[in-house]
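Let's walk through a structure together, one question at a time. Take a look at it first, then follow along.

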Protein chains: 2
Amino acid sequence: MVETAISHTRERPVQSVERTLRILEIMAEWGYPMTLSEISNNLDLKNSTTHRLLKTLIMKSFAQQDPSSGKYLLGIKTFSIGNTALYALDIRSVARPYLKQLETRYKETANLAILDQGDVIYIDQVESERMVKMSANLGGRAPSHSNAVGKVLLAGLTESELERYFKGRKFERYTSNTITSHEALRMELEKVSQLGYGLDAEETEEGIRCVASAIYNHLGKATAAIGISGPGNRISMSYLKGELATAEKKQLMTFL
Amino acid sequence: MVETAISHTRERPVQSVERTLRILEIMAEWGYPMTLSEISNNLDLKNSTTHRLLKTLIMKSFAQQDPSSGKYLLGIKTFSIGNTALYALDIRSVARPYLKQLETRYKETANLAILDQGDVIYIDQVESERMVKMSANLGGRAPSHSNAVGKVLLAGLTESELERYFKGRKFERYTSNTITSHEALRMELEKVSQLGYGLDAEETEEGIRCVASAIYNHLGKATAAIGISGPGNRISMSYLKGELATAEKKQLMTFL
DNA sequence: GAAAGATATTTCATAATATGGAATAATAAT
DNA sequence: ATTATTATTCCATATTATGAAATATCTTTC
């Protein structure tokens with residue numbers, strides 16, 4: 001074989017593997033069953049090669065062949081593995097496309113937060129492009145009792161974790177709507193659990209509203225939350241509880 | 001190379017590919033980052049081989065390396081591909097493990113249904129092992145207006161689809177709880193959308209209760225629904241709306 | 001803070017393995 | 001029925017993946 005002069009040995013993938021991964025990619029891209037030649041042609045592979053690689057994929061359930069049409073499609077294994085990946089991955093890289101989608105659709109800032117020692121920490125955010133918008137301080141802390149993501153994350157704690165959270169904690173008042181008593185917050189969290197989403201009805205800042213839903217890990221534990229927030233004049237309470245809350249939940253269900 | 005006498009040529013996978021897929025599998029199995037040697041040892045591969053295969057996986061984002069620890073983990077691509085696979089796959093093969101989990105945890109029959117021409121069709125089911133249990137007729141039709149999965153699926157229809165559904169339809173009464181008027185059903189569906197789950201409070205059969213949640217496809221359309229049902233003496237209304245509804249929603253969020 | 005130990009990465013000669021052309025089989029189209 | 005198209009299998013060949021060893025990098029341990 002004639003080597004190119006500047007033979008960068010670096011970055012030489014294993015051919016058969018690289019081709020196999022490309023097969024998986026194109027099957028995902030198409031989204032519906034493909035014939036052997038469709039795959040071969042698209043990837044510039046010989047039919048015999050593609051066929052052999054596909055057979056290997058099928059053996060390991062990474063692909064399957066539709067019995068009636070003979071076409072090839074992704075296998076169940078890709079799903080179960082990808083699903084596991086979700087929880088090993090940095091939650092940000094996974095959540096980002098969905099934050100973006102929420103922002104695009106509702107033109108309001110979408111953000112991602114986790115709980116740390118009872119406080120909310122914003123770990124990612126896609127800001128609305130409007131002039132007036134909500135904007136959290138990335139990496140910054142915020143009290144949980146007055147905001148939507150916080151409530152959702154608190155609602156996901158176990159009873160003993162909650163007790164530790166409440167123990168000796170005083171809830172500062174930011175607006176006339178802020179929940180400041182232990183009992184009221186307990187009840188609020190109960191409601192959040194029931195509804196599946198949390199609200200911030202101008203409880204942190206006058207004129208700012210927010211809905212949030214939890215992201216659960218494979219053990220059913222709420223590990224992060226996604227919120228959409230914006231000014232009250234654009235977001236009525238009914239819009240918040242109806243349209244936005246539903247969209248957010250669906251978004252999470254669809255993707256996570 | 002010495003061939004075994006009975007050289008079944010059939011079923012000979014592409015070695016490098018087969019090994020690569022095993023790498024993906026074991027990373028998924030462990031669920032957290034692995035060192036090179038952990039992978040090698042577990043799969044009986046030489047470090048150099050594993051390393052080369054991993055590099056190929058990384059190039060294509062099927063794996064990634066944690067910058068701080070140097071450990072390897074699944075890449076974002078596995079997630080996005082697996083996610084796509086979900087909708088190309090038969091919904092049953094995907095939903096089955098979760099039906100089973102629901103049954104195991106709550107000891108009640110879990111089932112999977114789709115909508116066809118306004119009727120519910122049960123396409124899969126994991127029956128409770130108790131003596132008294134709910135059991136749907138697999139493949140069988142049931143009217144949508146009186147049961148939980150039906151309501152959830154109806155709630156996922158577009159307005160025009162809904163109008164076609166309602167048009168000239170009469171709702172038969174099965175129990176004293178059955179919703180029989182168009183207006184009442186409309187309101188009920190509205191409620192289902194809000195809550196994210198549907199109920200059957202002895203509306204099909206006296207003494208049988210059920211909760212259901214929708215499974216959404218990548219377009220956010222409800223394509224199937226999962227329900228848990230059982231006798232009313234084991235399932236109180238508050239248990240149904242609280243525990244069961246929440247568990248089901250989480251289950252779906254976690255997995256789909 | 002040095003030295004040893006472990007682990008990761010790169011290199012390279014070798015042969016085992018993946019490859020693609022061709023032959024055959026199975027489907028689809030005419 | 002005949003042809004055309006597509007899928008699958010076979011097999012000789014050399015390209016490509018392999019593993020031993022060398023090097024580099026990161027951890028311990030003393």
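Q: In which helix of chain B is B:Lys100 found?
A: This is a predicted model, where local features need pLDDT of at least 70, side-chain atom pairs count only at pLDDT 80 or more, and totals for chains, interfaces and linings use all residues. Residues are numbered from 1 along each chain as its sequence is written, chains are lettered from A and ligands numbered from 1 in the order in which they are written, and side-chain values use heavy atoms, leaving out hydrogens and water. Helices (H or I, at least four residues) and strands (E, at least two) are DSSP runs, numbered from the N terminus. The run at residues 91–106 of chain B holds B:Lys100, and that is helix α5.

Q: Does B:Lys100 count as buried, partly exposed or exposed, and why?
A: Buried means under 20% relative accessible area, exposed over 50%, and partly exposed in between (1.4 Å probe, protein chains only). B:Lys100 has 43% relative accessibility, so this residue counts as partly exposed.

Q: How many Å apart in space are B:Lys100 and B:Glu29?
A: In sequence, B:Lys100 and B:Glu29 are 71 residues apart. In space, C-alpha to C-alpha, their separation is 20 Å.

Q: How many Å separate the centres of the two domains of chain A?
A: Domain bounds come from an automatic or database domain assignment. In chain A they give domain 1 (15–84) and domain 2 (89–255). Taken over C-alpha atoms, the centres of domain 1 and domain 2 of chain A are separated by 40 Å.

Q: What percentage of the residues in chain A is buried?
A: Chain A has 256 residues. The buried share of them is 51%.
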